[in-house]
Amino acid sequence: MQAMIDQLQHMKLTELLEAWREQQALPTYHDLSFDERLALMVEREYIRRQNQRMQRRLRQARLPVHATLDAVDFDVPRGLKKIQFLEFAQGHWLQENLSLILLGPTGVGKSFLSAVLAHHLCKQGHSVRYIKTADLVLELKLAKGDGSYPKLRKQLAAYDLLVLDEWLRDPLSVFEAREILDILDERFRKASCLFATQMPLEQWHSQIQDPTLADAILDRIIHDAMKVPLRGESMRKLTSKLTLKPEGDISNDRSDEDKTTSETTATSKPKTQKEKRNEKKEGQMDE
């Protein structure tokens, strides 16, 4: 029996071994057939491995936040359709190698929504990499310098979904545009991308310094990408703990005014006859 335990440990079937020990110790399992007990042990090991793979995918994704679908506030008026977003979360567009573009002003929630989608798709078994466009350009430059460029290119091409946040926030130089074009060309109709950007589509071309490269980059994105325009106020503003004083709420100021008015009234209040007689007596005593 010890030999079997050693073999299970050597094969790293830790959860299966734990399930076997549990069945040996608890009489609850003793009336089950061999096949039933084996099925329960295999299921435990299978679930453990699936969870491990999911955690590995989440680490590789490098998401800025780990938020689930129930964290999305669909009541905020920003043009986000709940049924559409939930459909995106199912990942059918990844199977068709389509891309997704989230457009909208600063603070409307593009990065957060991108991370939510990426997190859910990781749980479904898809490999994802989230990265800001400026950081991707920097990684490519550094990889060329230290010799890891081919490895990085291979890794980027292998992800089911590449999330490029802050897309075209900064203009792309000729060198940077060439690198981005190569990445997109390797993924064109082979794997999906998600672009989160505050830059309107009509301004994309001008953000790329070389017009020819701009044409090539946009040609590989626009035609196979679904577009979700977002609008509204900044979510950071709407969720801030520092709320403005409600309009008309001037209780503190009014208290000061009441105090001042009270003091002024007390000062200017006409004197009684008794007060006048007392003042007169005090004046005579002083003389």
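Leaving aside neighbours within four places in sequence, Leu-32 is in contact with Arg-37 and Leu-40. Leu-32 sits in the loop between α2 and α3, and its relative accessible area of 30% makes Leu-32 partly exposed. Keep in mind, as you look around, that this is a predicted model.

**The chain as a whole**

- The secondary structure comes to 13 helices and five strands.
- Of the 287 residues in the chain, 37% count as buried.
- The accessible surface of the chain is about 18,300 Å², and carbon and sulfur atoms account for 52% of that area.
- If you take the contacts between residues at least 6 apart in sequence, 78% of them join residues at least 24 apart.

**The sheet**

- Five strands build an open sheet with parallel pairing, and their order is β2-β3-β4-β1-β5.
- The edges are taken by β2 (128-132) and β5, each of which has a single partner strand, so one side of each has no neighbour in the sheet.
- On average, neighbouring strands of this sheet are turned by 15 degrees against each other, with direction ignored.
- Helix α7 (residues 133-146) lies across β2 and β3 (161-165), and α7 runs at about 95 degrees to β2.

- Strand β1 covers residues 99-103, and five of its five residues are buried, so β1 is largely enclosed by the rest of the structure.
- Both faces of β1 are covered: Ser-99, Ile-101 and Leu-103 are buried on one side, and Leu-100 and Leu-102 are buried on the other.
- Towards β5 (residues 225-229), β1 runs parallel and is joined by five bridges.

**Helix α2**

- Helix α2 has 12 residues (14-25), which at 1.5 Å a residue should span 16 Å; the end C-alpha atoms are 17 Å apart, which agrees.
- The buried residues in α2 are Leu-16, Leu-17, Ala-19, Trp-20 and Gln-23.
- Looking down the axis of α2, you find these buried residues within an arc of 160 degrees, so they line one face of the helix.
- As a reminder of the geometry, an α-helix has 3.6 residues a turn, so residues three or four places apart point the same way.
- The cover over the buried residues of α2 includes α1 (2-10) and α3 (34-61).

**Glu-176 in helix α9**

- Glu-176 belongs to helix α9, which spans residues 174-187.
- With a relative accessibility of 14%, Glu-176 counts as buried, because the cut-off for buried is under 20%.
- Apart from neighbours within four places in sequence, Glu-176 is in contact with Val-137, Lys-141 and Pro-171.

Key. Residues are numbered from 1 along each chain as its sequence is written. This is a predicted model: local features need pLDDT of at least 70, side-chain atom pairs count only at pLDDT 80 or more; totals for chains, interfaces and linings use all residues. Side-chain values use heavy atoms; hydrogens and water are left out. Buried means under 20% relative accessible area, exposed over 50%, partly exposed in between (1.4 Å probe, protein chains only). Helices (H or I, at least four residues) and strands (E, at least two) are DSSP runs, numbered from the N terminus. Two strands pair if DSSP finds at least two bridges between them. The expected span of a helix is 1.5 Å times one less than its number of residues. The arc is that of the directions from the helix axis to the C-beta atoms. Contact means heavy atoms within 4.5 Å. Accessible areas come from the Shrake-Rupley method with a 1.4 Å probe; for residues, only the protein chains shown count as cover. Axes are lines fitted to C-alpha atoms, for helices over the stretch in contact, and angles run from 0 to 180 degrees between N-to-C directions.
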